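Okay, thanks for coming, everyone. Have a look at the structure on the screen, and I'll walk you through it.

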Amino acid sequence: MIRPRRNRLTPAIRSMVRENSLTPANLILPVFFHEDAEDTPLISMPGVTRWSLAGLVREAGEAHALGIPAIVLFPKIDEALKSPDGAICGDEDGLVPRAIRAIKAAHPTLCVITDVALDPYNSDGHDGIVRRNERGALEILNDETVEVLCRQALAHARAGADIVAPSDMMDGRVAAIRETLDLAGFPNVSILSYTAKYASALYGPFRGALDSAPKEGDKKSYQMDPANSREAIRECLLDEAEGADMLMVKPAGFYLDVIAQVRETTILPVAAYQVSGEYLMLKNAAAGGWLDERAIVMESLLAIKRAGADMILTYFAKQACGWL
Ligand code: PBG
């Protein structure tokens, strides 16, 4: 009789036939920080802190020591510095460039990834420049935004970022950023493109952490419709053609089918972002005693890996390394 259970009989056999596994090298830690000297625990994301620059450097070092190869920087910008075009994002002495230099000075072998988008800098809370059209409706300007994003990416590259990660979903930004970096003498700075970033309700805790929620309207005219997956393939082919080095799907857990389809379509490395709302759901269910935290977190990460992600951005990265 054919008995599939024979391959599950003992831990030794199960370990031989296991198809997927996780290692710290698969994990990327997103980190929040601000200008203040205090490290502020985030109420919207239990267990996550918005760091001072000194705290950020310490956190980066701890992550690196655990075997995590990369972090992604998410700044909270002072309200007074925000403007409709978010121009301050290109400031070479801005919070992000200073953070990159400080981290690189202390931990030169840690890979530093930066987020390229206007939302932390934009007084309207959108990823691009907002204009009100003749009919009174909000429009997000594509090409004007891409110009600002290029200056932002360049400021990050000059400060020493290894990888810039455009998360804005404007059309043509990967090609424009690639050209800007190449012309400015940064051919080795990589682009990790948020290729399929969905207009998801799962970003709520993140926007609370950075005070970056849209003041008006939503992000549906640039982030993808959760109903679509063929459209993700279109974005994937474009980002590849425009010169992206790595592609990302976001969120991760509700979009495993999209991760799998992007994996089938591209030969580039694929990343997936387990976002703030996914973190919060697992964290709260575990805190309530309803789910076993270690088991549920590892299952969620392994599922994302199995779907086809090479790299996973997760707020659980440090905890998961402890469990591996
Ligand atoms: C914005 C950005 C967002 C996240 C990462 N970059 C939020 C948004 O698009 O509104 C969300 C990450 C998370 O929820 O953990 N460019």
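Before we start, one term: a polar contact here is a pair of N or O atoms within 3.5 Å. With that in hand, look at the ligand: one of its oxygen atoms is 2.7 Å from an N or O atom in the side chain of Ser276. Tyr315 has a polar side-chain atom 2.5 Å from an oxygen atom of the ligand, and Asp119 puts one 3.0 Å from a ligand nitrogen. As for cover, the protein takes up 100% of the 410 Å² of accessible area that the ligand has on its own (Shrake-Rupley method, 1.4 Å probe).

A quick word on where this comes from: it's a predicted model, with local features needing pLDDT of at least 70 and side-chain atom pairs counting only at pLDDT 80 or more, while totals for chains, interfaces and linings use all residues. Residues are numbered from 1 along each chain as its sequence is written, and side-chain values use heavy atoms, leaving out hydrogens and water.

So who's around the ligand? There are 18 surrounding residues, and the closest are Ser167, Arg207, Lys250, Ser276 and Tyr315 (near means a heavy atom within 4 Å).

Now let's step away from the ligand. How many salt bridges does a search of the whole structure find? The count is 17, taking a side-chain nitrogen of Lys or Arg within 4 Å of a carboxyl oxygen of Asp or Glu. Glu59 and Lys318 form one of them, at 2.9 Å from N to O. Glu59 belongs to helix 2 (residues 53-65) and Lys318 to helix 11 (residues 317-323), so this pair ties together parts 259 residues apart in sequence (helices are DSSP runs of H or I, at least four residues, numbered from the N terminus).

Methods:
Polar contact = N/O pair within 3.5 Å; in protein donor to acceptor, adjacent residues only side chain to side chain. Helix = DSSP H or I, 4+ residues; strand = E, 2+ residues; numbered from the N terminus.
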